[in-house]
Amino acid sequence: MNLRGAGVLGHFGIPGLAPFIAVALFFGGMGAAVGAYVLLSKRTDALRRAMGIGLGVAAFGCFGLATVFPLIVHASPTFTRPSTGARLAFVSPQQGEEIRGSPAIVRVELRLDGGKIVPVTSLHLVPNEGHIHLYLDGSLVSMTGLDAQIPASLGQHSLRAEFVAVDHRPFRPRVLATVTFRVGP
């Protein structure tokens, strides 16, 4: 099972309503600008001219507010990585363990000390809160909590788990655990 697409999709999150409000303001400004152009492009009476100027001012205001609104509400992504003191370890499978099956269903159990698993994806980063990513032989196979079941074919395998921040990117320093196991018939 290959979840590379899920890994890519898992890295997108909605940082709240600020981007949606900014886009709505932008489109409102576009509408006001078009209205102002239509009203002011022909010689008309004073009332239509005043309405056109009013729509132009409204368009200018919408564009300006759409530009600064995300900054006002601090909706910008964080450029520094959060740190954590969390530690991650495998409970199962154990180092060097042989699991029977063709393919085998590997029961993964992890222990996380000093961190909290949260189901939310966000750009608002909180130290010690995040998700678990599981990689089998370098490929992302699961984005779960501390327990999972993954299929594995015959042979030697490396399983890596990483505790990542709520934006699905690594903490600094990275919180990793790795175990190797073998699947036999």
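Good morning. The crossing of helices α2 and α3 is left-handed, where left-handed means that the near helix is turned anticlockwise from the far one by less than a right angle, and right-handed that it is turned clockwise. The structure shown is a predicted model, in which local features need pLDDT of at least 70 and side-chain atom pairs count only at pLDDT 80 or more, while totals for chains, interfaces and linings use all residues. Residues are numbered from 1 along each chain as its sequence is written, and side-chain values use heavy atoms, with hydrogens and water left out.

Let me stay with the two helices. Helix α2 covers residues 18-40 and helix α3 residues 46-72; helices here are DSSP runs of H or I with at least four residues, strands are runs of E with at least two, and both are numbered from the N terminus. The axes of α2 and α3 are 7 Å apart, and the packing angle is about 160°. Axes are lines fitted to C-alpha atoms, for helices over the stretch in contact, and angles run from 0 to 180 degrees between N-to-C directions. The two helices are therefore roughly antiparallel, a label for angles over 145 degrees; under 35 counts as roughly parallel, 65 to 115 as roughly perpendicular, and the rest as oblique.

I turn now to a sheet. Strands of a sheet pair through backbone hydrogen bonds, either parallel or antiparallel. In this open sheet, three strands follow the order β1-β3-β7 with antiparallel pairing. Strands β1 (87-92) and β7 (147-152) are at the edges and have a single partner strand each, so one side of each lacks a neighbour in the sheet. On average, neighbouring strands of this sheet are turned by 35° against each other, direction ignored. Two strands count as paired if DSSP finds at least two bridges between them. β1 and β3 are joined by five bridges, and L88 has L112 in β3 as its bridge partner. Strand β3 (residues 104-113) is linked to β7 by six bridges, with E109 opposite D147.

A single residue deserves attention next. H131 lies in strand β5 (residues 129-136) and, because its relative accessibility is 8%, counts as buried. A polar atom of the H131 side chain lies 2.9 Å from the backbone oxygen of V118. Leaving aside residues up to four places away in sequence, H131 touches several others, among them I117, T144, F163 and H168; a contact requires heavy atoms within 4.5 Å.

Finally, some backbone details. Where are the cis peptide bonds that I wish to mention? One runs from S92 to P93, and P93 is in the loop between β1 and β2 (98-100). Another runs from R172 to P173, with P173 in strand β9 (residues 170-184). N128 is not a glycine, yet has a positive phi of about 75°; N128 is in the loop between β4 (116-117) and β5 and is partly exposed at 28% relative accessibility. D137, also not a glycine, has a positive phi near 50°. D137 sits in the loop between β5 and β6 (139-144) and is partly exposed at 43%. Thank you.

Conventions: Buried means under 20% relative accessible area, exposed over 50%, partly exposed in between (1.4 Å probe, protein chains only). A polar contact is a pair of N or O atoms within 3.5 Å; within protein, one must be able to donate a hydrogen and the other to accept it, and residues adjacent in sequence count only if both atoms are side-chain atoms.
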